[in-house]
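Hello,

Here is the structure you asked to see. My notes on it follow below.

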There are 4 protein chains.
Amino acid sequence: MTFRLEMKVRDYECDLQGIVNNGVYFNYLEHARHEFLLEKGIDFAALTAQGIHLVVVRSELDYRQSLTSGDRFAIEVQVERISRVKFGFRQQVIRLSDNQVVLHGLVIGVALNPQGRPCVLPALETLLEG
Amino acid sequence: MTFRLEMKVRDYECDLQGIVNNGVYFNYLEHARHEFLLEKGIDFAALTAQGIHLVVVRSELDYRQSLTSGDRFAIEVQVERISRVKFGFRQQVIRLSDNQVVLHGLVIGVALNPQGRPCVLPALETLLEG
Amino acid sequence: MTFRLEMKVRDYECDLQGIVNNGVYFNYLEHARHEFLLEKGIDFAALTAQGIHLVVVRSELDYRQSLTSGDRFAIEVQVERISRVKFGFRQQVIRLSDNQVVLHGLVIGVALNPQGRPCVLPALETLLEG
Amino acid sequence: MTFRLEMKVRDYECDLQGIVNNGVYFNYLEHARHEFLLEKGIDFAALTAQGIHLVVVRSELDYRQSLTSGDRFAIEVQVERISRVKFGFRQQVIRLSDNQVVLHGLVIGVALNPQGRPCVLPALETLLEG
């Protein structure tokens with residue numbers, strides 16, 4: 001199952017090269033992951049308030065194209081298991097005007113319990129059931 | 001005429017108080033102004049590429065409430081003339097769940113020509129015609 | 001007494017006009033206020049953890065010049081009482097290369113107790129004594 | 001040769017988990033790379049103005065610890081050749097209070113000429129000479 005979220009570049013996200021700054025893609029990907037989780041009933045902010053922190057342990061991003069002012073794009077998210085406690089989010093940023101893949105990446109996360117230890121979160125397990 | 005744009009808080013926009021950081025509202029307001037201008041045929045990025053810079057010279061913001069994770073909100077924009085070359089954008093951020101005004105502000109801008117001098121931009125004049 | 005903090009523009013803070021984005025000045029001003037408070041023994045993050053939220057209720061900023069890539073600047077902070085519970089921070093951003101005032105502003109804040117009500121915070125009172 | 005830049009967390013860089021948001025590390029790493037380049041006589045903004053864009057094509061980041069409000073840290077940068085036109089920047093974020101590695105990563109970049117093609121930039125070659 002692929003989750004998909006459509007967004008539009010905001011001018012303040014562009015840097016002096018006139019294109020979306022590299023760091024901003026990480027924000028886009030995070031927002032798409034959180035919306036994906038929310039759709040599955042997993043609320044990042046509510047978990048945080050309970051002392052459960054979903055954290056990123058590794059990211060690999062390949063930048064293929066650039067987004068610029070006015071561009072509309074979609075972010076696609078798929079999830080896969082990396083280990084007993086690690087989840088991998090395969091994410092793509094696709095420019096809508098020409099359907100080109102602008103960026104694709106793998107973001108690996110774990111849930112930390114209130115003691116700061118990686119834990120199995122039953123809610124996350126359901127992400128893998130499709 | 002009131003322009004209106006609906007948006008949703010992204011988790012990375014919240015700070016350690018758990019609410020949208022004060023500086024982020026300025027980003028929201030800028031994005032709403034640029035979308036408003038675009039609807040009127042005025043493209044901020046295209047003007048920049050031509051050497052015409054739309055710049056803010058003053059902002060007055062009143063923070064009434066806070067937005068937090070998951071909140072949906074609207075930004076309303078109205079324009080008024082401040083002087084021959086200055087335009088005032090009256091903007092409100094309205095939380096959709098309870099219709100409360102979260103922030104209202106006045107952002108005053110001018111157009112600078114390629115020599116860096118304030119100038120009258122015919123396209124901006126049309127904003128005032130309603 | 002004037003608090004002063006020196007900083008340098010980071011390239012990702014510049015937007016497609018090639019200058020520091022207007023919203024970033026809010027970040028600069030906030031950082032300078034927090035460093036000023038810290039020097040006075042008031043730790044924003046520690047207060048937040050105790051349920052005391054220091055929040056901005058109004059800001060007035062005048063943009064006079066622009067900062068750009070590589071610029072070094074100082075932020076000056078002075079505090080004044082606005083009312084029994086409101087504090088005003090007069091802040092200036094000064095470019096070091098030519099000592100020009102780039103921006104000056106007034107940021108008004110209050111302390112909210114864990115019930116969300118404005119309160120008198122003894123630690124803040126000491127800001128006005130020095 | 002290792003380039004080193006010391007910085008301090010700013011409160012607005014922390015998110016609702018109370019720690020520096022993952023996306024902000026991209027900003028830190030970019031700023032350190034640009035300061036490193038500048039020390040070597042390579043000015044990112046000046047190159048951009050000449051139509052030469054230094055762009056990131058891949059990043060791999062491993063998040064080991066978190067930075068939080070008040071933390072001081074160093075960013076170390078080392079450069080290596082990846083291919084004829086690709087440069088790799090090995091970067092570490094080190095917390096100063098306990099000398100722990102918070103994050104390490106590899107950021108791969110290329111220079112694009114005004115036609116958007118990867119090119120050999122003599123100034124970059126000198127980075128490898130130690």
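The bridge partner of A:Asp62 in strand 2 of chain D is D:Arg58. Strand 2 of chain A and strand 2 (residues 53-63) of chain D pair in the antiparallel sense, over 5 bridges. Strands pair if DSSP finds at least two bridges between them. Helices (H or I, at least four residues) and strands (E, at least two) are DSSP runs, numbered from the N terminus.

Before you read on, note that this is a predicted model: local features need pLDDT of at least 70, side-chain atom pairs count only at pLDDT 80 or more, and totals for chains, interfaces and linings use all residues. Residues are numbered from 1 along each chain as its sequence is written, while chains are lettered from A and ligands numbered from 1 in the order in which they are written.

**The A-D contact**

In chain A, 18 residues are in contact with 18 residues of chain D. Contact here means C-beta atoms, placed from the backbone, within 7 Å. Helix 1 (22-39), helix 2 (44-49) and strand 2 (53-63) of chain A each give two or more residues to the side that touches chain D. Strand 2 of chain A supplies the largest share, 9 residues. By class, that side of chain A has 7 nonpolar, 7 polar and 4 charged residues. Ala, Val, Leu, Ile, Met, Phe, Trp, Tyr, Cys and Pro count as nonpolar, Asp, Glu, Lys and Arg as charged, and the others, Gly among them, as polar.

**Copies B and D**

A rotation of 180 degrees, with 0.0 Å of shift along its axis, superposes chain D on chain B (RMSD 0.0 Å). The two copies are thus related as by a two-fold rotation axis.

**The core**

Which residues touch the most other members of the largest nonpolar core? They are A:Tyr25, B:Tyr25, C:Tyr25 and D:Tyr25, in a core of 128 residues. Such a core is a set of buried Ala, Val, Leu, Ile, Met, Phe, Trp, Tyr and Cys residues joined through C-beta atoms within 7 Å. Buried means 20 or more other C-beta atoms within 10 Å of a residue's own, exposed 12 or fewer, and partly exposed in between. Leaving out residues up to four places away in sequence, B:Tyr25 touches B:Val20, B:Leu61, B:Val93 and B:Leu103.

Best wishes

Terms used. Copies are superposed by least squares on the C-alpha atoms of residues with pLDDT of at least 70 in both. Two residues are in contact if their C-beta atoms, placed from the backbone, lie within 7 Å.
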